[in-house]
Amino acid sequence: MALALGAGLATRLALLPRDLPYYAIDENDVVEPALAVLSGDWDPRWYQYGSLASYMLAGFFALAKAVAAAIVGWNESDFYYAAFFRPAFLYVLARALFAAVSLGAAVVFYLIFEAWFKVPL
């Protein structure tokens, strides 16, 4: 099971920057409301996927903004300039976050299945 999860994670991580700077048709529907939440507007105004994705991404982007400030010396204006004019890094971060969430969900599902049915997969 660990081998399958590791292979799946390696594949997802290898394909994170795929097709950038262009993004999939609905990625901006999650990333852009997360930027609005990050800037202080707690209403993402987009509910097709629910607000949890926007809130999770906003927190992750806040962490990225702090790391960029510490390592590169970016201030808030630099971060938002890059976010709106060179947003590929945000899409890579969003894909990485959701790859990690998917992996975590797979592990939790495996543990629940194994405990519930007493049968290792």
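E114 is partly exposed, with a relative accessible area of 27%. This residue belongs to helix α5, which covers residues 88-117. The model described here is predicted. The protein in it has five helices and zero strands, and 26% of its 121 residues are buried.

**Overall build**

- Read from the N terminus, the elements follow the order α-α-α-α-α.
- Along the principal axes, the C-alpha atoms of the protein fill a box of roughly 55 × 30 × 30 Å.
- Contacts between residues at least 6 apart in sequence can be sorted by their separation along the chain, and 63% of them join residues at least 24 apart.

**Surface and charge**

- The protein exposes about 7900 Å², and carbon and sulfur atoms supply 70% of this area.
- Its side chains include 7 positive and 10 negative ones. The centres of these two sets lie 6 Å apart.
- L63, V67, I71 and V72 make a nonpolar surface patch of about 400 Å².
- L63 has a relative accessible area of 51%, and the cut-off for exposed is over 50%, so L63 is exposed.

**The salt bridge**

- The structure holds one salt bridge. K65 and E76 form this bridge through their side chains, with a distance of 3.8 Å from N to O.
- K65 lies in helix α3 and E76 in helix α4, which covers residues 76-85, so the pair ties together parts that are eleven residues apart in sequence.
- The two partners fall into separate accessibility classes: K65 counts as buried at 19% relative accessibility, whereas E76 counts as partly exposed at 47%.
- The value for K65 is 19%, and buried means under 20%. K65 therefore counts as buried.

- S54 is a residue of helix α3. Its relative accessibility is 2%, so S54 counts as buried.
- Not counting residues up to four places away in sequence, S54 touches V30, P33, A34, V37 and P44.
- A82 is part of helix α4. At 1% relative accessibility, A82 also counts as buried.
- When neighbours within four places in sequence are left aside, the residues in contact with A82 are W74, P87 and F89.

**R12 in helix α1**

- R12 is found in helix α1, made of residues 2-14. R12 is partly exposed, with a relative accessible area of 41%.
- Apart from neighbours within four places in sequence, R12 has contacts with F98, A99 and S102.
- R12 and L90 are 78 residues apart along the chain. Their C-alpha atoms are separated by 16 Å.

- E114 and F85 are 29 residues apart along the chain, and 47 Å separates their C-alpha atoms.

Terms used. Residues numbered from 1 in each chain as written. Predicted model: local features only at pLDDT ≥ 70, side-chain atom pairs only at ≥ 80, totals over all residues. Heavy atoms only, no water. Helix = DSSP H or I, 4+ residues; strand = E, 2+ residues; numbered from the N terminus. Buried < 20%, exposed > 50% of the residue type's maximum accessible area, 1.4 Å probe, protein only. Contact = heavy atoms within 4.5 Å. Areas by Shrake-Rupley, 256 points an atom, 1.4 Å probe, with all protein chains shown as cover. Lys, Arg positive; Asp, Glu negative; His and termini not counted. Charge placed at Lys NZ, Arg CZ, Asp CG, Glu CD. Patch = residues over 30% accessible without salt bridge, like charges linked within 9 Å, V, L, I, M, F, W, Y side chains within 5 Å. Salt bridge = Lys/Arg side-chain N within 4 Å of Asp/Glu carboxyl O.
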